[in-house]
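Colleague: Could you take me through how the helices and strands of this model are arranged, one question at a time?

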Amino acid sequence: MKTINYILVLIFFLTTFTFAQQKVRLGNERLVNEYFHLIEGKRVGIIANHTSLLNKRKHLVDYLFESKKVKVMAAFGPEHGFRGKAPAGEKIETTIDEKTGIPVYSLYGKINKPTPEILKDIDVLIYDIQDVGARFYTYISTLYLCLEAAAENNIDFIVCDRPNPIGGVDVDGPIVKKDFESFVGIAPIPIQHGMTIGELALYFNDLIEQKTGKKARLNVIEAEGWKRNMYFPETGLDWINPSPNITDFWTALIYPGTCLIEATNVSEGRGTGKPFQIIGSPFINSEELINELEKLGFKSVYFVPIQFKPVDIDGMATNPKYKGQNCNGIRIQIESTEFFHPVQFGFALISGSTAPGGCVANS
């Protein structure tokens, strides 16, 4: 009897815990199930990539194209392309989607912003792309410019909101100054911005109105069930690499810090299986670098000495830094999200690992 009671109690707690972990419903699911009236019968353009999947793994563009209840006029692809197959930084041409036959306009090639000619037959633009929570991730720059185009051309704009995978509590890093705005710093936000793509859209829309006197007719369809203190593993959603080198949640978490290495003469790990979790160069002494980093007292993170040789990896890395050269470095292992602040860590890493003057080099 005691055994049976124990099992019943265990089942009760497991069931309660399971239901407490409510799965997040993405904005795209809510669009097709609750807010379809916003697009029904209209001519739509869809800003999307390989992450734009409904919960049954159906691509939003394919679903809407097959529904026949809207007219899908065009798709728009950000960096890495509409189907997400291009390596980082590779310029992409406008093409025709093989699956649907619709034109796919690249917004990471000859143009970064839809032109009035492209938009003349579109009533509504829909944005559905997974962000990672860092200012220099170019998908949010594409969002800004598409919002601006919608405002200028009097087109409705819908954002299918998604969780910020690294949470909405930690906000860190300097805000980009106006004279330094670029496609990797499109607006005055910190490095780790803490916002969802829908929240960014609302903020960007206000900035656009301040700059131009116009704003887009914007609808943000919220992701149901997401809380600011959630990290992606708590959402119950399947992980889809948002770009080729963000291969798991832990990479996304560290990315706002170690992506800063990209602007230095140290490899950020492109051309390996763990980009942004691995850093190094031919001149680094791994053990000395670890000793210096451990003096800084970071919690929830430890370092493993490694050797690696960056190589071309199809779809991930083309001509990576120090290609074909033996590099010494470290693999950064995050033990938990608690106490780990990627931007602070990135600044400390740069001050202790880059040359000249700050590197820990072989003597």
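**Strands, helices and their contacts**

Modeller: In this predicted model, V304 has R331 of strand 10 as its bridge partner.

Colleague: Over how many bridges do strand 9 and strand 10 pair, and in which sense, parallel or antiparallel?

Modeller: Strand 10 covers residues 327-334, and its pairing with strand 9 runs in the antiparallel sense. V304 and R331 are bridge partners, and the pairing of strand 9 with strand 10 extends over 8 bridges.

Colleague: Which strands stand at the edges of the open sheet of 3 strands?

Modeller: The strand order in this open sheet is 8-10-9, with antiparallel pairing. Each edge strand has a single partner strand, so one side of each is left without a neighbour in the sheet, and the two concerned are strand 8 (278-281) and strand 9 (301-308).

Colleague: At about what angle does helix 8 run to strand 9?

Modeller: Helix 8, residues 286-295, lies across strand 8, strand 9 and strand 10. Its direction relative to strand 9 is given by an angle of about 165°.

Colleague: Which are the edge strands of the open sheet of 7 strands?

Modeller: This sheet has mixed pairing and the order 3-4-2-1-5-6-7. The strands that pair on one side only are strand 3 (95-96) and strand 7 (217-221).

Colleague: Which strands does helix 6 lie across, and at about what angle does it run to strand 7?

Modeller: Helix 6 lies across strand 5, strand 6 (156-160) and strand 7.

Colleague: How are helix 5 and helix 6 oriented to each other?

Modeller: The axes of helix 5 (residues 139-153) and helix 6 (residues 197-212) come within 9 Å and cross at roughly 50°. The crossing is right-handed, and the two helices are therefore oblique to each other.

Colleague: How do the residues of the contact of helix 5 with helix 6 divide into nonpolar, polar and charged?

Modeller: Helix 5 contributes residues including I140, L143, Y144 and L147, while those from helix 6 include I197, L200, A201 and F204. The residues of this contact divide into 11 nonpolar, 2 polar and 2 charged.

Key
Residues numbered from 1 in each chain as written. Predicted model: local features only at pLDDT ≥ 70, side-chain atom pairs only at ≥ 80, totals over all residues. Heavy atoms only, no water. Axes fitted to C-alpha atoms, helices over the stretch in contact; angles between N-to-C directions. Helix = DSSP H or I, 4+ residues; strand = E, 2+ residues; numbered from the N terminus. Parallel < 35°, antiparallel > 145°, perpendicular 65-115°, else oblique. Left-handed = near helix turned anticlockwise from the far one by under 90°. Contact = heavy atoms within 4.5 Å. Nonpolar A, V, L, I, M, F, W, Y, C, P; charged D, E, K, R; others polar. Pairing = 2+ DSSP bridges.
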